[in-house]
Amino acid sequence: IERTFSIIKPDATKRNLTGAVNAVIEAAGLQIVAQKRIRMSLPEARKFYAVHKERPFFGELVDFMVSAPVVVQVLEGENAVAKYREIMGATNPAQAAEGTIRKLYAVSVGENSVHGSDSVENAKIEIAQFFSENEIL
Ligand code: ATP
Ligand code: MG
């Protein structure tokens, strides 16, 4: 059984879409095994998106992630990493498939409602940034 890390981003929490996003996650057979609503700090957001620090949108991305509360989650299930990427849809909602979270709810390529880990290895690193093992059950 595999785990992935998810963030319900500020554009979604602000529009009261936490439950709607969770409904899509659960309908896909992924189990929410840890979840908390937090306000990300600037250093936390910079660390989380450090791989993108040379990209032109880095400043905008980090500012967005600290602009309102987010919901951080651990999702568990068979092929959880790939399955969640599939139900999230493409980064740009204009290119996201029908029925995906981003097609349904995202505002733009920046304000795209959710994050999901892109590999099992990164999922472990990202989960460890926000959860201790005894919070996952
Ligand atoms: P995430 O890592 O959030 O799950 P992703 O893997 O689909 O999304 P990445 O390429 O890792 O996409 O980009 C990380 C995040 O940076 C995107 O989700 C989006 O919020 C933001 N981003 C990516 N490209 C752009 C862009 N061209 N303009 C503004 N923001 C962008
Ligand atoms: Mg990514």
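The structure is a predicted model, in which local features need pLDDT of at least 70, side-chain atom pairs count only at pLDDT 80 or more, and totals for chains, interfaces and linings use all residues. Residues are numbered from 1 along each chain as its sequence is written.

**Binding site**
- The UniProt annotation "binding site", from an unreviewed entry, covers Lys9, Phe57, Arg85, Thr91, Arg102 and Asn112; such annotations may be inferred rather than shown by experiment.

**Lys9**
- Lys9 is found in the loop between strand 1 (2-8) and helix 1 (10-14); helices (H or I, at least four residues) and strands (E, at least two) are DSSP runs, numbered from the N terminus.
- Lys9 has a relative accessible area of 4% and is buried (under 20% relative accessible area, 1.4 Å probe, protein chains only).
- Leaving aside neighbours within four places in sequence, the contacts of Lys9 (heavy atoms within 4.5 Å) include Tyr49, Phe64, Arg102 and Asn112.

**Arg102**
- Arg102 lies in helix 6 (residues 101-105) and is buried, at 5% relative accessibility.
- Not counting residues up to four places away in sequence, Arg102 touches residues including Lys9, Thr91, Asn112 and Val114.

- Four strands form an open sheet in the order 2-3-1-4, with antiparallel pairing (two strands pair if DSSP finds at least two bridges between them).
- Strand 2 (31-38) and strand 4 (114-116) each have a single partner strand, so one side of each is without a neighbour in the sheet.
- Strands 1 and 4 run antiparallel and are joined by three bridges; Ile8 has Val114 in strand 4 as its bridge partner.

Methods. Chains are lettered from A and ligands numbered from 1 in the order in which they are written. Side-chain values use heavy atoms; hydrogens and water are left out. Buried means under 20% relative accessible area, exposed over 50%, partly exposed in between (1.4 Å probe, protein chains only).
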